Amino acid sequence: MTQNMNTKKRLVVSYKNISEELKEELRKKYPTGFQDAMIRVDKGPGDFFYAVDLETEDVHYLIKVDVKIDEGIDDDDDKDYYGDDDIEGADDIADDADEDE
């Protein structure tokens, strides 16, 4: 990193298209994963991609990462698993706890 940031080549590449050497550099820079290091890059109205930053001696990379975004709520999340009734046996557990004191 002896070169000035302004003289480095800047490239945007897809993760799918980078070499194994660059993937290894990513693993070194982000040993626990790069989920928290991803940035959103807006390309225009409604068009964007997510990327991570990687800098080598002569190139500054912005590596595009495919991200799945949940756009809706699963119907299962809204289910009331226990209904409107109390959980069966909950009163017995509470009564046993009171007796122990």
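**Entry one, Lys8.** I began with a side chain: a polar atom of Lys8 lies 2.8 Å from the backbone oxygen of Thr56. I note at once that this is a predicted model, where local features need pLDDT of at least 70, side-chain atom pairs count only at pLDDT 80 or more, and totals for chains, interfaces and linings use all residues. My residue numbers run from 1 along each chain as its sequence is written, and side-chain values use heavy atoms, with hydrogens and water left out.

I placed Lys8 in the segment before E1. Is Lys8 buried or exposed? I found Lys8 buried, with a relative accessible area of 5%. For me, buried means under 20% relative accessible area, exposed means over 50%, and partly exposed is in between, with a 1.4 Å probe and protein chains only.

Which side chain does Lys8 meet in a polar contact? I looked and found Glu55, at 2.7 Å. A polar contact is a pair of N or O atoms within 3.5 Å; within protein, one must be able to donate a hydrogen and the other to accept it, and residues adjacent in sequence count only if both atoms are side-chain atoms.

I then looked up charged pairs. Side chains of opposite charge can pair when their charged atoms come close. My rule for a salt bridge is a side-chain nitrogen of Lys or Arg within 4 Å of a carboxyl oxygen of Asp or Glu. How many salt bridges does this rule give? I noted eight.

Glu55 itself counts as partly exposed, at 26% relative accessibility.

I also looked at Glu20 and Lys23, a salt bridge whose closest N and O atoms are 3.8 Å apart. These two are three residues apart in helix H1 (residues 20-29), so about one helical turn separates them. Glu20 is exposed, with a relative accessible area of 54%, whereas Lys23 counts as buried at 16%.

Asp47 and Lys43 gave me another salt bridge, at 3.7 Å from N to O. Asp47 is partly exposed, with 36% relative accessible area.

I stepped back to the chain, which has two helices and four strands. These are DSSP runs numbered from the N terminus: helices (H or I) of at least four residues, strands (E) of at least two. Along the sequence I read the pattern β-α-β-β-β-α.

Strands E2 (residues 39-44) and E3 (residues 47-55) run antiparallel and are joined by five bridges. Two strands pair, in my notes, if DSSP finds at least two bridges between them. I saw Ile39 standing opposite Ala51 in E3. E2 and E3 form a hairpin with two residues between them, and Gly46 in the turn has a positive phi of about 75 degrees.

Next I looked for nonpolar cores, meaning sets of buried Ala, Val, Leu, Ile, Met, Phe, Trp, Tyr and Cys residues joined through side-chain atoms within 4.5 Å. The largest has eleven residues, among them Ile18, Leu22, Tyr30, Leu54 and Tyr61. Which elements each supply at least two residues of this core? I wrote down H1, E3 and E4. E4 gives the largest share, four residues.

Phe34, also in this core, touches Leu26, Val52 and Val65, not counting residues up to four places away in sequence. A contact here means heavy atoms within 4.5 Å.

I found His60 in strand E4 (residues 59-65). His60 counts as buried at 11% relative accessibility, and its side chain makes a polar contact of 2.5 Å with the side chain of Asp53.

Val67 lies in the loop between E4 and helix H2 (90-100), where I noted it as partly exposed at 35% relative accessibility. Leaving out residues up to four places away in sequence, Val67 touches Met38 and Tyr50. I also checked Val67 against Gln35: the two are 32 residues apart in sequence and 9.8 Å apart in space, C-alpha to C-alpha.

**Last entry, whole chain.** Buried residues make up 18% of the 101 residues. Among contacts between residues at least 6 apart in sequence, I noted that 48% join residues at least 24 apart.
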